[in-house]
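Here is a short report on selected contacts and backbone features. Please look over the sequence and the structure before reading on.

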Amino acid sequence: MKRINTYILGGMLSLAVCVSCDSGFDEMNINPIALTDVEPVFQLNSAIVSSAPTYGNLSYETTIVKQMITPFSGVGAAANFNQDNRNVAAGNWENGYRNLIKNLVDVINRTQDDPAQANLYHIARIWRAFAFMVLTDTYGDIPYFGAGQGYLENVSNPVYDAQEAIYADLLNELEGASSALDPAGQPVPGEVLYGGDITKWKRLGNSLLLRAAMRLSKVDPGKAADYAARAVAGGVMESNDDNAIIRHNANFNNPIGSQLNGGQSAFYYLTEDFVDYLKMNDDPRLTSIAVRYIGATSGADQTEGLADRSVDVQIGMPQGYDNTTVSEAVAASGLASLWDYSQLDRTRMADPQAPSFLVTHAQTRLLLAEAAVRGWISDDAAALYADGVRAHMQQLAAYGGGTAIGEDAITTYLAAHPLDAGAALEQINTEYWVASFLNGPEAFANFRRSGYPELTPNPYPGSDLQSENFIRRITYPDSELNVNQENVQQAITRQGPDLLDTRVWWDIP
């Protein structure tokens, strides 16, 4: 009992002490130098930098459109085997909602009622539309109107909205935000994409409006034509100076370059389809993109001493094989091993500090060329097509390391490949495929939308595809199936099975 009494007495004394020192307790638990608020422009910048295509898009989008391929299985196996790998498939979702939408919705909420921050508000609306286009084009029906509202409105399980409704709002948002931007209004210093240049943001917004309009070319050509004309009237990108570029540095590395210069350096190769197309057309861009380590028999052999960047030696890896069965193709090509195939040059375009191009003058000109072919705008389709090809070839100089293409080579290529009126849509969209290299989500979206280039399906046996020759969408992440099951199921009921075969709303046969 003596010990118990002592314990109780000690507890009473402690209680008395706590009561007596309660004054100022709250203040003592506040860090006086901790951040209590974040500037909205910093949140915008975080969303912009996080928009760079990630390494995961090599596993799906870039492989689906047959630009790159890995023959290796394991945790990264995905489109190389037409396989539904939900861990990889979740990449766009997790990055989009956690790093982009969350920040952008908060910026919009904090600036929408402040006239002094009107330009920042409209910029955030434009970039939010960009982020949502990637998400809905990847997955189809997604949380849109209620997304990012967890903190603001306590919406923890947002409803999935139909892609048709999402695109209707995206078109309105892009047109409204672009037209509302005021170059004479309050500047946005510190913004990383254009350094606060409001005129360039207006051109970006209208170029995205054109991109969104063209997504509807099959499903609603009337609306597509209407909004394409509105984008042109609003003013789209005029040169490569208007390109939306993430300029990476030592602090913010290119996600693809970081992986291809790290543990994945010997895993990914340029595909046979991509290399053969560029070689067949004497396309000078191949010398900027490719390297082959002649005679390499392992990843360790892929050294500068064996590097050859000349066009004639480049050999792309065919799809349909794994790292064992590819030996048949290796022998047929007379190569030393699978490590002897052509790769994306990781010292140049895949350098860790290489830029990421998200929306470009080249892409915009090619979309305008298609709109002109369809009679939706009155401009000269052939001139727009040539401008687009030229712009992409000139764009490559931004990578450095000998990637620049001389004007003579550009002129020679264009003279040999003028726009053919009888095959204009195929030509334009095949060039769009090349111009979107390394921007997997955009290359994948336009391939489904346009049907070009005409590619042969990946013949790998044991495909998860059930009814389609190509993957048409990426499946929802397991996290959503576990925590937001009711809303996911409503989307599946409306859109179709949660499979790689299911087409999104605008992707009609």
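Is Arg 494 buried, partly exposed or exposed? Arg 494 is partly exposed, with a relative accessible area of 42%. This value, like every other one here, comes from a predicted model.

**Salt bridges**

Arg 494 has a partner. Its side chain meets that of Asp 141 in a salt bridge, at 2.8 Å from N to O. Arg 494 sits in helix α23 (residues 485-495) and Asp 141 in the loop between α8 (118-139) and β2 (142-143), so the bridge ties together parts that lie 353 residues apart in sequence. Asp 141 is buried, because its relative accessible area is 4%, and the cut-off for buried is under 20%.

The whole structure holds 28 salt bridges. Three of them are listed here, including the pair just described.

| Pair | N to O distance |
|---|---|
| Asp 141 and Arg 494 | 2.8 Å |
| Arg 203 and Glu 238 | 3.4 Å |
| Asp 340 and Arg 292 | 3.1 Å |

Take the pair of Arg 203 and Glu 238, which meet in a salt bridge. This pair links distant parts of the chain, 35 residues apart. Arg 203 belongs to helix α11 (residues 198-215), and Glu 238 to the loop between α12 (221-234) and β4 (244-246). Glu 238 counts as exposed, at 51% relative accessibility.

Now take Asp 340 and Arg 292, whose side chains also form a salt bridge. They are 48 residues apart and link distant parts of the chain. Asp 340 lies in the loop between α16 (327-333) and β8 (342-344), while Arg 292 is in strand β6 (residues 290-293). Asp 340 counts as buried, at 2% relative accessibility. Arg 292 counts as buried too, at 9%.

Shared partners also build a network: salt bridges join Lys 218, Glu 468, Arg 472, Arg 503 and Asp 507.

**A helix pair**

How do α3 and α7 run relative to each other? The axes of helix α3 (residues 40-49) and helix α7 (residues 91-111) come within 8 Å and cross at roughly 155 degrees. Angles over 145 degrees count as roughly antiparallel, and α3 and α7 are therefore roughly antiparallel. Their crossing is left-handed.

On the α3 side, the contact uses Pro 40, Gln 43, Leu 44, Ser 46 and Ala 47. On the α7 side, the residues include Asn 99, Leu 100, Asn 103, Leu 104 and Arg 110. The contact residues divide into six nonpolar, five polar and two charged.

**A buried methionine**

Met 317 is in the loop between β7 (307-308) and α16. At 1% relative accessibility, Met 317 counts as buried. Leaving aside residues up to four places away in sequence, Met 317 touches Ile 69, Pro 71, Tyr 269, Leu 270, Thr 271, Glu 272, Val 326, Leu 338 and Tyr 341.

**Backbone exceptions**

Most residues other than glycine have a negative phi, and most peptide bonds are trans.

Lys 66 has a positive phi, near 60 degrees. Lys 66 lies in the loop between α5 (61-64) and β1 (68-69) and is buried, with a relative accessible area of 3%.

Leu 438 also has a positive phi, of about 80 degrees. Its place is the loop between α20 (424-435) and α21. Leu 438 is buried, at 12% relative accessible area.

Tyr 452 and Pro 453 are joined by a cis peptide bond, with omega about 5 degrees. Pro 453 is found in the loop between α21 (440-450) and α22 (478-483).

Terms used: Residues are numbered from 1 along each chain as its sequence is written. This is a predicted model: local features need pLDDT of at least 70, side-chain atom pairs count only at pLDDT 80 or more; totals for chains, interfaces and linings use all residues. Side-chain values use heavy atoms; hydrogens and water are left out. Axes are lines fitted to C-alpha atoms, for helices over the stretch in contact, and angles run from 0 to 180 degrees between N-to-C directions. Helices (H or I, at least four residues) and strands (E, at least two) are DSSP runs, numbered from the N terminus. Angles under 35 degrees count as roughly parallel, over 145 as roughly antiparallel, 65 to 115 as roughly perpendicular and the rest as oblique. A crossing is left-handed if the near helix is turned anticlockwise from the far one by less than a right angle, and right-handed if clockwise. Contact means heavy atoms within 4.5 Å. Ala, Val, Leu, Ile, Met, Phe, Trp, Tyr, Cys and Pro count as nonpolar, Asp, Glu, Lys and Arg as charged, and the others, Gly among them, as polar. A salt bridge is a side-chain nitrogen of Lys or Arg within 4 Å of a carboxyl oxygen of Asp or Glu. Buried means under 20% relative accessible area, exposed over 50%, partly exposed in between (1.4 Å probe, protein chains only).
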